[in-house]
Amino acid sequence: MNLGVYMNRIHEFMKEKDISHYGLIRPEIIQYGKILLENQICRDGYSEFAEEDLDRRIDAGEILPGTCSILVVLFPYEMRSDVKRSDSYGVASFAEGLDYHIKNSKILKDLADSLELASDDYRIHIDNGPMVDRYLAYCAGQGWYGKNCLLINNELGSLFTIGSLFMKIEFDESDYCNKTKMDGCGECELCLKSCPNGAIKHGYRIDSKVCLSERLQSKKKIPYDMREKIIRGAYGCDICQEVCPYNNRKANPQSSRMNIYEDLKLSKKSFIEKYGNKAFAWRGNSVHRRNLLILLGNKFSGTCHDKPYQAALEFAYSSSDMLAACSWWAMLRIDRTRASEWIRKRLLVENEELRVNEMKELISHYCDEN
Ligand code: B12
Ligand code: SF4
Ligand code: SF4
């Protein structure tokens, strides 16, 4: 195929799929991102979900040896979630609908087929490897870094995920992006001020240890004061995007309504059957249940209602330390008197050190001052 034809095919394909934002880069350009990464990794708060080997992060050969071109595509979220819920719950907008890894990989695979690329001549990267997706999109002229750390596009805001097609083919020189976009935050600091945990320290940098999105995915223990701030959803956090003036897309009233009580009862197998094709399923049923117990404790905090209390109590003897500890916490949040009696009785017979310590810590944090 002649070089110019490839780009025309890409334009036609994107038009058909109604995709308006994409750009082409050469792999060498991403090397310049190393200095930005070094600047971030040497500070406290680098994410446990981000690749630590920085050389792997800027080497396109890690994805596809012999890469000549990378097409970077912005995929708008399927919907923007509405967050007002009672005993139902939701997840952050990017995790609504069909898993964006599955959905957008299929689109990029179809594109590769329409370019007649052999299977060894391309690779797809969507949030599933060492590359720095935002930096790829930045180099491809698709947006600028907001103070909330997200890549922002003047038309789409930040409500999109990023996917890239690594290819061994060369394009016409004029097809490659040679211009990046300028910062559009100006004096605005809305995201800094609205983050519930102050995770966006001075802008352009997140302290992942205190970012709710990170904590809801991590298996590490969530400190009690941070747990109390988890009131909106069981996965991800949209706050620093919702307040951003560039995100003026309306919330979708059709966004998922999942039932806490039903979902707490799901076995590992039924969780996968029900949610296996959703982005939030990747951390598994235990982490999801842990997050639901936290939501339950917060939604019914101080109500002394029996239904949520019993739902939390179901996990009080769980073989998982994480779930058992979280159920005691939720019970305490819902009905402090009843739960502290339960915990104090349990302390008389419990002999696992880890559990004893957790119960004592809960009692001292939530009950001793009274
Ligand atoms: C680890 C990770 C997380 C972690 C850490 C987030 C973070 N800020 O690093 C956690 C779990 C917290 C997270 C949360 C979210 N994530 Co995330 N995450 C990733 C992942 C896997 C790696 C990100 C990374 O490399 N972080 C490391 C540090 C070094 O990045 P950084 O702090 O942003 O550093 C950059 C800035 O410092 C910038 N910079 C600083 N100064 C300057 C100056 C100049 C001049 C320039 C050019 C740049 C610059 O350059 C650095 C390099 O990019 C990427 C996928 C991927 N493989 O890239 C998705 C990704 C970043 N996440 C994404 C999404 C959607 C989210 C959430 C919105 C999900 C949600 N609703 O909860 C939140 C948003 C949180 C936030 N405000 O950042 C999208 C972002 C899309 C977009 N529009 O930007 C990505 C790209 C996934 C994808 N392929 O679509 N995420
Ligand atoms: S995702 Fe939530 S917790 Fe994380 S930085 Fe944004 S507002 Fe703060
Ligand atoms: S809320 Fe304001 S400061 Fe934060 S990313 Fe958006 S424009 Fe920038």
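Predicted model: local features only at pLDDT ≥ 70, side-chain atom pairs only at ≥ 80, totals over all residues.
**Exercise 1. Work out whether the length of helix 1 (residues 3-17) agrees with its number of residues.**

Solution. Start with the count: helix 1 has 15 residues. Helix 1 is followed by Asp 18, and the phi of Asp 18 is positive, near 65 degrees.

**Exercise 2. Find how helix 12 and helix 13 are oriented to each other, and describe their contact.**

Solution. First locate the pair: helix 12 covers residues 284-299 and helix 13 covers residues 306-313. Their axes are 10 Å apart, and the packing angle is about 155 degrees. Angles over 145 degrees count as roughly antiparallel, so helix 12 and helix 13 are roughly antiparallel to each other. Their crossing is left-handed. Next, pick out the residues that meet. Helix 12 brings Leu 293, Leu 296 and Gly 297, while helix 13 brings Pro 308, Ala 311 and Ala 312. Sorted by class, this contact of helix 12 with helix 13 holds 5 nonpolar residues, 1 polar residue and no charged ones.

**Exercise 3. Bring in helix 14 (residues 321-334) and determine its direction relative to helix 12.**

Solution. The axes of helix 12 and helix 14 come within 8 Å and cross at roughly 10 degrees. Because angles under 35 degrees count as roughly parallel, helix 12 is roughly parallel to helix 14. Among the contact residues of helix 12 are Arg 289, Arg 290, Leu 293 and Gly 297, and those of helix 14 include Met 322, Cys 326, Trp 329 and Arg 333. The classes in this contact are 9 nonpolar, 4 polar and 3 charged.

**Exercise 4. Complete the picture with helix 13 and helix 14: which way do they run relative to each other?**

Solution. The axes of helix 13 and helix 14 lie 8 Å apart, at an angle of about 165 degrees. Helix 13 and helix 14 are therefore roughly antiparallel, with a left-handed crossing. On the helix 13 side you will find Pro 308, Tyr 309, Ala 312 and Leu 313, which meet Ser 327, Ala 330, Met 331 and Ile 334 of helix 14. Of these contact residues, 7 are nonpolar, 1 is polar and none is charged.

**Exercise 5. Describe the surroundings of ligand 1.**

Solution. Begin with the count: 38 residues surround ligand 1, and the closest are Ala 92, Asp 127, Thr 161, Ser 213 and Gly 236. Then ask which elements take part. Helix 2 (34-41), helix 5 (133-139), strand 7 (160-167) and helix 7 (212-217) each supply at least two residues. Helix 5 gives the largest share, 4 residues. Finally, sort the shell by class: 22 nonpolar, 10 polar and 6 charged.

Terms used. Residues numbered from 1 in each chain as written. Chains lettered and ligands numbered in written order. Near = placed C-beta within 6 Å. Nonpolar A, V, L, I, M, F, W, Y, C, P; charged D, E, K, R; others polar. Axes fitted to C-alpha atoms, helices over the stretch in contact; angles between N-to-C directions. Parallel < 35°, antiparallel > 145°, perpendicular 65-115°, else oblique. Left-handed = near helix turned anticlockwise from the far one by under 90°. Contact = placed C-beta atoms within 7 Å. Expected span 1.5 Å × (residues − 1).
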